Amino acid sequence: MFLVEPPPSQGDLHFRVLGIPIRIHPYFWLVTLVLGLQGRSTPPGEIFMWIIAVVVSIVLHELGHAFTQRHFGGRPRVVLYGMGGLAICEDCDRSTRSQILISLAGPGAGFAFALLLIVLLRVMGDGVGLILGDVRIASGQIVEPSGISLLGTILFWEQLVNPFADQMLRNLLWINILWGLVNLLPIYPLDGGRISREVCQIGNPRGGVILSLQISMAAAIGMAIVGLVAWQSIFTTLMFGYLAYSSYQTLKAYRQHLW
């Protein structure tokens with residue numbers, strides 16, 4: 001999530017996916033484990049399912065960025081670390097169009113994967129449905145529903161016979177959809193924040209940076225309030241509070257540099 005690549009360590013895990021080098025820093029496992037510990041009674045099997053789902057989802061997200069960076073002439077690499085993931089590329093095209101497409105590719109990969117999972121459910125004959133407010137849409141027969149709730153919307157399906165598979169499906173859908181939506185917020189350094197910066201800089205590079213950081217601060221403060229009041233989530237409040245402070249510090253430093 002944050003744009004500082006951690007230094008290499010002896011505990012790093014290295015592998016490649018279709019030619020893209022991927023490094024997983026040890027802190028990534030620690031933070032993922034902490035996020036998965038919803039309570040002391042969390043079964044080990046559920047924690048394991050959560051960790052696998054997070055790894056798969058974030059790798060897919062960053063590969064979305066990385067493949068698009070490679071398309072625009074770069075030689076990207078992916079790093080998963082304590083606060084999320086980075087698709088790093090020093091030599092890809094820096095044009096506004098390229099950078100916007102690169103930023104969109106990460107959330108897009110997650111949304112596409114979630115859609116693929118839903119399509120696979122229907123191909124296997126399982127029912128799938130959606131509840132949005134008072135509107136209910138369903139396809140196929142659903143006797144024993146299982147599902148996830150996201151921002152007032154409920155996505156549900158016929159519960160899978162294998163409970164571990166059903167848990168994995170819930171994790172994958174929740175992470176890929178929610179992670180994509182969060183990343184599209186106009187908050188720097190999230191993907192939406194990068195898109196906002198590129199758009200604001202069109203025709204006004206210096207003023208655009210200032211405007212994008214102001215938007216970032218306002219959006220982050222708003223999300224911190226939502227996390228505290230509506231969701232009662234300390235983690236969400238702290239995360240967006242930090243992002244608001246980070247945008248403020250960046251804006252302050254940028255203005256001092258201009259003067």
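**View 1. About 40 Å³ of space lies in the second largest cavity.** A cavity here is a set of points on a 1 Å grid over the protein atoms alone where a 1.4 Å probe fits but cannot get out. A volume is the space filled by probe spheres set on the points, which are joined across faces, edges and corners. This is a predicted model, in which local features need pLDDT of at least 70 and side-chain atom pairs count only at pLDDT 80 or more, while totals for chains, interfaces and linings use all residues. Residues are numbered from 1 along each chain as its sequence is written, and side-chain values use heavy atoms, leaving out hydrogens and water. A search of the whole structure finds two cavities of 30 Å³ or more.

**View 2. Helix 4 gives the most to the lining of the second largest cavity, namely four residues.** Lining residues have an atom within 4 Å of a point; among those around this cavity are Ser57, His61, Pro107 and Trp179. Helices (H or I, at least four residues) and strands (E, at least two) are DSSP runs, numbered from the N terminus. By class, this lining has four nonpolar, six polar and no charged residues. Ala, Val, Leu, Ile, Met, Phe, Trp, Tyr, Cys and Pro count as nonpolar, Asp, Glu, Lys and Arg as charged, and the others, Gly among them, as polar.

**View 3. Now look at the largest pocket, with a volume of about 1,200 Å³.** A pocket is an open set of points with protein on both sides within 12 Å along at least five of seven lines. Of its 37 lining residues, Leu35, Trp50, Trp174, Leu178 and Phe235 lie nearest the centre. Helix 4 supplies the largest share of this lining, eight residues. You will find 24 nonpolar, 12 polar and one charged residues in the lining.

**View 4. The second largest pocket holds about 240 Å³ of space.** Its lining has 14 residues, and Gln69, Ala87, Cys89, Arg94 and Arg194 lie nearest its centre. Strand 4 (84-88), helix 3 (96-123) and helix 5 (191-200) each give two or more residues to this lining. Sorted by class, the lining has seven nonpolar, two polar and five charged residues.

**View 5. Here helix 1 meets helix 2.** Their contact (heavy atoms within 4.5 Å) includes Phe28, Trp29 and Leu33 of helix 1 and Ile47, Trp50 and Val54 of helix 2. By class, the contact has 10 nonpolar, two polar and no charged residues.
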